[in-house]
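Good morning, everyone, and thank you for making the time.

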Amino acid sequence: MTAPLTPRRERWLLLTLAGIQFTHILDFMIMMPLGPQFTRLFDISNAEFGLLVSAYTLSAGVSGLVAATYVDQFSRKRLLLSMYALFGLATLACGLAPGYGWLMVARVAAGLFGGVLSALSQTIVADVIPFERRGRAMGVVMTSFSVSTVAGVPLGLFLAAHLSWHAPFFGIAALVGVLCFAAWQTLPRLDEHLHHPHRTSVWRSIGQVLADTNHLKAFGLSALMMFAGFTVIPYITIYLQSNSGMRSDQVPWVYLLGGVATLLSSRFFGRLTDRVGKVVVFRRLALAVAVPLMATTLSQGLPLAGLLAISTLFFTLMSGRMIPGMALVSSAVEPRLRGTFMTLNSAVQSGAMGLAAIVSGLIIGRDGLGQLTHYWVAGLLGVVASLASVWLAGRIRLHESSTPVRA
């Protein structure tokens, strides 16, 4: 582990990483509430929209696999800044895209560069923050999801409604430029892994990561966490507007209330993770999220208050389980292999998200009134994945622990 940081320096590091995650997550999330606009403007089907969402995640998965060959060969700071700058340019290209085809190309480019950012951020947290405080640190960084839903998505929808769908991407690209400079100023060198006495070659590191069954279990847990949510998440806005009768001007409330709830609860879940135990907290949240997950797909006919209550609970629990989940995953590997492991893990997560969106897009149809059909089947598939993650979580051995952690 790198030399301990002062509390103030540690706080700035976590806030900087949270800012980077904010733009990276917002760039991905803004696509989903814009779904009704894209399907109408581009005259595309649900499956084609699912492919547009998946283009980012699948290219991010490929990028993660390639990055595993070089991520531990560079300073964390230098690599993060390089990838983040290129990600900003790709996001700018999304805003400049004249139509569906060019937007698809730009989304692939954004995924190629953005796909490494989450893994690098999580690796830096695991490198710098002691194990006993890692759950809390993950909670701070992952408030970026909450802030993106509280502020980013509603603001992006406002810009899209009053200007055009291009505007949110221009805003994100501008913010990336500001944060890139901030990261250059605040991040430490983060190159201790380059001087590890037992450092191995790239391919040997990949081989060591993939040969360990404990690592494969951790990859499986990551895949299940992502798959469970993204069978439903990409199509929430389309369902709420086409089936539940929510107006377009009411959609931002879904993300605003959900984001506020996750913002308030993420620090609590982080502290609970460190105090009660990572496996115990993860299992409880992964079980609990099954209820709002299915309710989201069966909410047709409910009043606005009921729709917002379900979506808020869904966002809170879906985001909350990621805090103990990622604390578990990041602790399943020894520090010298963590960069390679977390990059491969990011590829696994991206692939699982893309696969879930594609599978759900093939399951979900439309009736003669334009309403979604079989959305509940996609939700049931997500519940099965979440239950499988509950079983797998207790079978991962943590590197800082001498024995497998059981509930």
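Let me begin with a term: a nonpolar core is a set of buried Ala, Val, Leu, Ile, Met, Phe, Trp, Tyr and Cys residues joined through side-chain atoms within 4.5 Å, where buried means under 20% relative accessible area, exposed means over 50%, and partly exposed lies in between, using a 1.4 Å probe and protein chains only. Please keep in mind that this is a predicted model, in which local features need pLDDT of at least 70 and side-chain atom pairs count only at pLDDT 80 or more, while totals for chains, interfaces and linings use all residues. Residues are numbered from 1 along each chain as its sequence is written, and side-chain values use heavy atoms, with hydrogens and water left out.

The largest nonpolar core has 117 residues, and among the members that touch the most others are Phe-38, Leu-103 and Leu-221. Helix H16, residues 304–330, gives this core its largest share, eleven residues; helices here are DSSP runs (H or I, at least four residues), numbered from the N terminus. If we take contact to mean heavy atoms within 4.5 Å, then Leu-221, leaving aside residues up to four places away in sequence, touches partners including Phe-282, Leu-328, Val-329 and Ile-396.

Now, which residues of helix H5 are buried? They are Leu-103, Met-104, Ala-106, Arg-107, Ala-110, Gly-111 and Gly-114. Seen down the axis of H5, these buried residues fall within an arc of 170° (taken from the directions from the helix axis to the C-beta atoms), so they line one face of the helix. On the other side of H5, Trp-102 and Val-105 are exposed.

How many salt bridges does a search of the whole structure find? It finds three, a salt bridge being a side-chain nitrogen of Lys or Arg within 4 Å of a carboxyl oxygen of Asp or Glu. In one of them, the side chains of Asp-27 and Arg-107 meet at 3.0 Å, N to O. Because Asp-27 lies in helix H1 (residues 7–29) and Arg-107 in helix H5, this pair ties together parts that are 80 residues apart in sequence. Asp-27 counts as buried, at 0% relative accessibility, and Arg-107 also counts as buried, at 1%.

Arg-247 and Asp-249 form another salt bridge, again with 3.0 Å from N to O; here Arg-247 is partly exposed at 48% relative accessibility, and Asp-249 is partly exposed with a relative accessible area of 48%.

Terms used: Helix = DSSP H or I, 4+ residues; strand = E, 2+ residues; numbered from the N terminus.
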